[in-house]
Amino acid sequence: PNVIDYACGAGHFLNEYALQNKEAKIVGVEKEYRLSKVAKVSSFMYGNDIEIIYADALIQNEKIKNNSFDVLITNPPYSVKGFLQTPHVSVQSHRLLLNLLPKLLQEVQQTINPDLALIRLEEFISRLGPRAGFYALLKENPALRKLVLQIFGVSELLSSLLIKHFQLFDQLISASQAKPIKTRADIEATFQSYIRCASDSCADMDLEERIEALRRFKNEELLRIGFADLAGKLSPMRVSQQLTAVADVALNHALTWAKEEVNKKMPPLSLPFLVVALGKLGSQEMAYHSDLDLIFIYDYPPEADLALQQQAHVYFVKLAQRLISILTVPHAGGPGYEVDTRLRPSGRFGPLVVSFSSFKEYHQKQAMPWEKQTLLKARWVCGDQGLGEAWEKFRQFLLFEKETEIDWAQEINYMR
């Protein structure tokens with residue numbers, strides 16, 4: 001065994017070895033110092049003072065330098081000692097962890113970034129606490145163990161998901177084995193499977209249950225895409241396309257649910273409503289941490305009176321607010337999406353939703369050049385198809401047909 005095996009396993013090895021070598025003596029101050037660190041770990045694991053013996057392999061191993069050895073043993077939470085301090089209320093959990101720990105730490109050394117993997121492993125086990133079933137699962141599944149440690153040593157995003165939402169742990173194997181590229185129809189079918197798991201139909205679920213299903217869908221799809229990315233099965237462009245398709249499906253269902261919730265408290269309106277995506281979502285270039293840049297547009301008939309126009313504005317403000325809430329509200333099922341609406345007409349000083357006529361007037365008369373640029377990456381994601389087609393036609397006209405006096409070279413240079 002090398003020094004990490006002694007330091008991390010510590011307890012089992014030193015306990016057995018010390019019992020068989022009671023007469024062994026520690027030679028040298030440096031050896032005594034290092035071994036005393038291991039003694040602390042051993043004593044902590046077994047709850048009593050263990051006689052420490054001289055182990056030449058421990059002292060002579062050059063892979064661990066003094067500083068890193070000290071950090072490993074003595075500085076929680078970035079240390080083995082840190083997660084050995086996790087309270088284990090059951091004897092079974094404690095024994096499982098003791099048996100599992102040496103294997104985990106041996107495999108940590110084989111990851112791309114062992115230091116990072118060790119830190120995240122400590123945090124994971126500390127949060128996991130006395131859950132014997134998880135330790136048994138890790139012990140019995142070497143492939144799963146290596147998969148988890150590979151993630152801890154490489155991906156901050158996936159590590160954070162697993163550490164903070166360990167219920168995703170059950171999906172690791174299926175996510176790692178899922179096909180790397182899914183069509184929009186495949187992703188929609190995956191979403192429906194989460195609905196069926198939670199209830200016989202979406203109509204039987206309350207909003208809380210729907211949000212939970214949406215979070216599980218979003219985060220487990222993120223795991224699938226992340227695994228395929230780490231394995232080299234997806235190009236960066238494919239990663240962006242897959243992430244965008246997942247967000248599109250989530251938005252479509254969230255809008256449907258938001259409308260149902262608003263209609264419970266307000267008289268329903270059958271006027272068209274549109275969700276337009278800009279930025280990374282609009283151009284289908286999403287990254288793992290991308291937020292959703294959205295603007296909300298509604299329309300009403302030309303003959304609509306002022307009362308209907310005001311009613312429509314109030315209604316669609318409520319609808320947009322509820323949609324944002326469904327997408328962003330914190331939930332035990334995992335993180336949702338961050339939504340940014342500051343690219344709407346007049347920015348954060350403008351109304352959350354705008355009528356189509358107001359949108360057209362603003363972009364023809366008031367919009368800054370950079371605001372027109374944002375429309376290059378814009379696309380309508382969900383809502384009324386007729387309004388979506390009319391909006392796209394106007395976008396094409398504004399960007400590519402309408403005469404303009406803007407000196408784009410000068411404007412772009414100024415913005416840079």
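Student: At roughly what angle do the axes of helix α11 and helix α14 cross?

Tutor: This is a predicted model with residues numbered from 1 along each chain as its sequence is written, in which local features need pLDDT of at least 70, side-chain atom pairs count only at pLDDT 80 or more, and totals for chains, interfaces and linings use all residues. Helices here are DSSP runs (H or I, at least four residues), as are strands (E, at least two), each numbered from the N terminus, and axes are lines fitted to C-alpha atoms, for helices over the stretch in contact, with angles running from 0 to 180 degrees between N-to-C directions. The axes of α11 (residues 156-164) and α14 (residues 207-230) come within 10 Å of each other, and they cross at roughly 140°.

Student: How is α11 placed relative to α14?

Tutor: Angles under 35 degrees count as roughly parallel, over 145 as roughly antiparallel, 65 to 115 as roughly perpendicular, and the rest as oblique. The two axes cross at roughly 140°. That angle makes the placement of α11 relative to α14 oblique.

Student: Are Arg224 and Glu221 buried or exposed?

Tutor: Both residues lie in helix α14, three residues apart, which is about one turn of the helix. Buried means under 20% relative accessible area, exposed means over 50%, and partly exposed is in between (1.4 Å probe, protein chains only). Lys182, like Glu221, is buried, and Arg224 and Glu221 are both buried.

Student: What distance separates the closest N and O atoms in the salt bridge of Lys179 with Asp186?

Tutor: Lys179 is partly exposed at 45% relative accessibility, and Asp186 is also partly exposed, at 25%. Their closest N and O atoms are separated by 3.1 Å.

Student: What separation do the C-alpha atoms of Gly388 and Ile297 have?

Tutor: Gly388 belongs to helix α20 (residues 385-401), where it is buried, with 0% relative accessibility. Gly388 and Ile297 are 91 residues apart along the chain, and their C-alpha atoms are separated by 9.4 Å.

Student: What value is phi of Gln284 near?

Tutor: Gln284 sits in the loop between α16 (279-282) and β2 (292-298), and Gln284 is partly exposed, with a relative accessible area of 41%. Although Gln284 is a residue other than glycine, its phi is positive, near 60°.

Student: What value is phi of Ser346 near?

Tutor: Ser346 is located in the loop between β3 (339-340) and β4 (353-355), and at 37% relative accessibility Ser346 counts as partly exposed. Here too the residue is other than glycine and phi is positive, with a value near 70°.

Methods: Side-chain values use heavy atoms; hydrogens and water are left out. A salt bridge is a side-chain nitrogen of Lys or Arg within 4 Å of a carboxyl oxygen of Asp or Glu.
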